[in-house]
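Here is a friendly walk through one structure, with sheets, helix packing and salt bridges as the topics. Have a look at it, and then read on.

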Amino acid sequence: MDRYAVLGNPINHSRSPFIHTMFAESTAQNMEYGRLFCPLGEFVKTVDDFRANGGKGLNITVPFKEQAHAYATMLSDRARRAGAVNTLKFNDDGTVYGDNTDGAGFIFDIKRAGWDFTGRRILVLGAGGASRGILGGILDEKPLSVLLVNRTVEKAVVLQQEFGGIEVCSFEDLNCRSDRFEFIINATSLSLNSKLPAIADGLYKDARVYDLMYGSSSSTVFTEHAVKCGAEEAMDGLGMLVGQAAVSFEIWRGVTPEPQPVLDALRQQL
């Protein structure tokens, strides 16, 4: 039986085993998928040991995505663009393929909702690893404009230089502008601590908003607040989680699973 796992620190909270086990059952794949805790400073050793014991592939979560990027011997264009890897495939010839499926998972979910970024004005909040994973996918959809906002503009400028095609500013400057946006993407982790990004309430009015975070219900503190402020529609990131997992699964197994039944089951479980 082929072995796969999700590697991170912490890792016990991960829903990936549930997702991939359902994918395997629905596509009749002979595989098992578990959790792999990785001590800080021992990424290479942990991955090497997993491979030596017959491991075929790994999903990589925080805080190891950049180390996975360095570990891979071959990179997809989107992994190279993101500077981070969340999927490793160990090939029989000893090579290691690295990919980043976060952006593909995000675009899967917004299209599942019937959202279209083409020719639209998009506001992205936060310039951390989550933004790095989705910016390429957003730009590929040919939006009219993308404004990336971060507390420290210097960090946003780094992404501006790497990706191109985006404008950057601070949260303080954003609230002094008169811009309107059709889509607002929260790529900060503030929702995990029940906090809100420091943007004016008026920006939410008539916008569609998306929080990359997810919780035990179909909403987060961010999406709930946005709706109260007049947002047209709001979604959390659970669909992105399932979508990016489906892309990883296809990379490993060569078959495409159906994400919707897994998303429905996961939502019920939460």
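How many salt bridges does the count come to? With a salt bridge taken as a side-chain nitrogen of Lys or Arg within 4 Å of a carboxyl oxygen of Asp or Glu, the count comes to 17. Please keep in mind that this is a predicted model, where local features need pLDDT of at least 70 and side-chain atom pairs count only at pLDDT 80 or more, while totals for chains, interfaces and linings use all residues. Residues are numbered from 1 along each chain as its sequence is written, and side-chain values use heavy atoms, leaving out hydrogens and water.

One of these salt bridges links the side chains of aspartate 77 and arginine 80, at 3.1 Å from N to O. The two residues are 3 apart in helix H4 (residues 77–82), so about one helical turn separates aspartate 77 from arginine 80. Helices (H or I, at least four residues) and strands (E, at least two) are DSSP runs, numbered from the N terminus.

Leucine 58 has leucine 88 of E5 opposite.

Two helices deserve a mention here. Axes are lines fitted to C-alpha atoms, for helices over the stretch in contact, and angles run from 0 to 180 degrees between N-to-C directions.

**The parallel sheet**

A further open sheet of 6 strands has the order E9-E8-E7-E10-E11-E12, and its pairing is parallel. Strand E9 (167–169) and strand E12 (233–235) are at the edges with a single partner strand each, so one side of each has no neighbour in the sheet. Neighbouring strands are turned by 15° against each other on average, direction ignored. Strand E10 (residues 183–186) runs parallel to strand E11 (residues 208–211), and 4 bridges join them. Asparagine 186 has aspartate 211 in E11 as its bridge partner. Helix H7 (residues 153–163) packs on this sheet, where it touches strand E8 (145–149) and E9, and its direction makes about 170° with that of E9.

| Helix pair | Angle between axes | Axis distance |
|---|---|---|
| H10 (residues 238–253) and H11 (residues 259–269) | roughly 135° | within 10 Å |
| H5 (residues 102–112) and H6 (residues 129–140) | about 55° | 7 Å |

Angles under 35 degrees count as roughly parallel, over 145 as roughly antiparallel, 65 to 115 as roughly perpendicular and the rest as oblique. H10 is therefore oblique to H11, and H5 and H6 are oblique to each other.

In the contact of H10 with H11, residues including Leu238 and Val242 of H10 meet residues including Val262 and Leu266 of H11. The contact of H5 with H6 involves Asp102, Gly103, Phe106 and Ile107 of H5 together with Gly133, Ile134, Gly137 and Ile138 of H6.

Note on methods: Pairing = 2+ DSSP bridges. Contact = heavy atoms within 4.5 Å.
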